[in-house]
Amino acid sequence: MNAGPHIGHAMDYLLADIYRRYLELHDIEYRFQAGTDEHGNKIFKKALSHGVSPQAFVDQNTQIFQDFVQKLGVQYTDFIRTTDKKHIKNVQIIWTKLQNHIYASNYDGWYCEGCESYVTNKEYEENHQKGVSTFRAEEKYRIMFEGIACWPWLRVTSEGLKSRGINMVATIYADAFGLIYEDFDGMCRAYAKVPNCMNLELARDKRIKLCKDNSVEGILVHTNRSCKLWSGFMPEMSRQIGESCGIPVASFDGDQADPRNFSEAQYDTRVQGLAEIMEMNKEGL
């Protein structure tokens, strides 16, 4: 529900409808229930990126799905939305019956938002060692995203990557602000190495290590005009990283203080160019 229907949805509906037709031909009673699951962090964030409420967002997408099913010629018995009043009432009845078996508590763990489930520490470590990602699309290329996310245009930037199978597997921010210290002196030493406090050479070397550790195939740089330090030496640092790792680098303009400095056309062109060069590198051209 956080995006429109695709061929995978068509396959699911058609397979179910084939079985429905089989049961109908043999006079076997059946119930074919279709519907939409309209909750979750992905839907909430997608609605925010579109500037609408979650309910308005799912209302719009539900109609798209219903039209999609109708075009396929699928005949269902019931179409249930998880936001339907009847569904909500029945869920409340079930939870009420289970209340003696449920308690409130805190749970910490590695959470994959894309697949909406927790993974164990062992699974996380195994995935990291194997280079397996939770990227919810076919992974064609692995990149490092340099610079802060372009928040006002997050939908555009993320879709531009996902639609091309580009997975962001590295960013300096987790490493740069993952500070561990035990006393005041340790805190001062730790904060002396945050991004705005380090020179070009140290910043470059940290990124080179990230690229090599994560099998990065290209770098996409957000040249944030509000951050004068980075916009000053970012071109030279990017050139040195690309040269050291043997990978292409593309950049696009943005500004956290003024969203007007971002251009969808420029971003799309730069990402497309980066994807084409990474593909040529894969083919050895």
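Helices (H or I, at least four residues) and strands (E, at least two) are DSSP runs, numbered from the N terminus. The model is predicted, so that local features need pLDDT of at least 70 and side-chain atom pairs count only at pLDDT 80 or more, whereas totals for chains, interfaces and linings use all residues. Residues are numbered from 1 along each chain as its sequence is written, and side-chain values use heavy atoms, with hydrogens and water left out.

Helix H1 (residues 7-25) contains both Asp-17 and Arg-21, four residues apart, about one turn of the helix. Their side chains meet in a salt bridge (2.8 Å, N to O), a term for a side-chain nitrogen of Lys or Arg within 4 Å of a carboxyl oxygen of Asp or Glu. Asp-17 is buried, with a relative accessible area of 3%, and Arg-21 is partly exposed at 40%; buried means under 20% relative accessible area, exposed over 50%, and partly exposed in between (1.4 Å probe, protein chains only). Salt bridges that share partners join Asp-17, Arg-20, Arg-21 and Glu-24 into one network.

The structure holds 18 salt bridges. One of them is formed by the side chains of Asp-268 and Arg-164 (2.8 Å, N to O). This pair links distant parts of the chain, 104 residues apart, with Asp-268 in helix H11 (residues 264-282) and Arg-164 in the loop between helix H6 (154-162) and E6. Asp-268 is partly exposed at 38% relative accessibility, while Arg-164 is buried at 15%.

The axes of helix H2 (residues 41-49) and helix H3 (residues 54-72) come within 8 Å and cross at roughly 95°. Axes are lines fitted to C-alpha atoms, for helices over the stretch in contact, and angles run from 0 to 180 degrees between N-to-C directions. H2 and H3 are therefore roughly perpendicular, the class for angles of 65 to 115 degrees. Contact (heavy atoms within 4.5 Å) is made by Ile-43, Phe-44, Lys-46 and Ala-47 of H2 and by Pro-54, Phe-57 and Val-58 of H3.

Four strands form an open, parallel sheet in the order E6-E5-E7-E8, where two strands pair if DSSP finds at least two bridges between them. Strand E6 (166-170) and strand E8 (249-254) stand at the edges, each with a single partner strand. The twist averages 35° from one strand to the next. Four bridges join strand E5 (residues 141-146) to E6, and Tyr-141 stands opposite Ile-166 in E6. Helix H9 (residues 200-213) packs on the sheet, touching E5, E6 and strand E7 (218-224), and its direction makes about 160° with that of E5.

Notes: Parallel < 35°, antiparallel > 145°, perpendicular 65-115°, else oblique.
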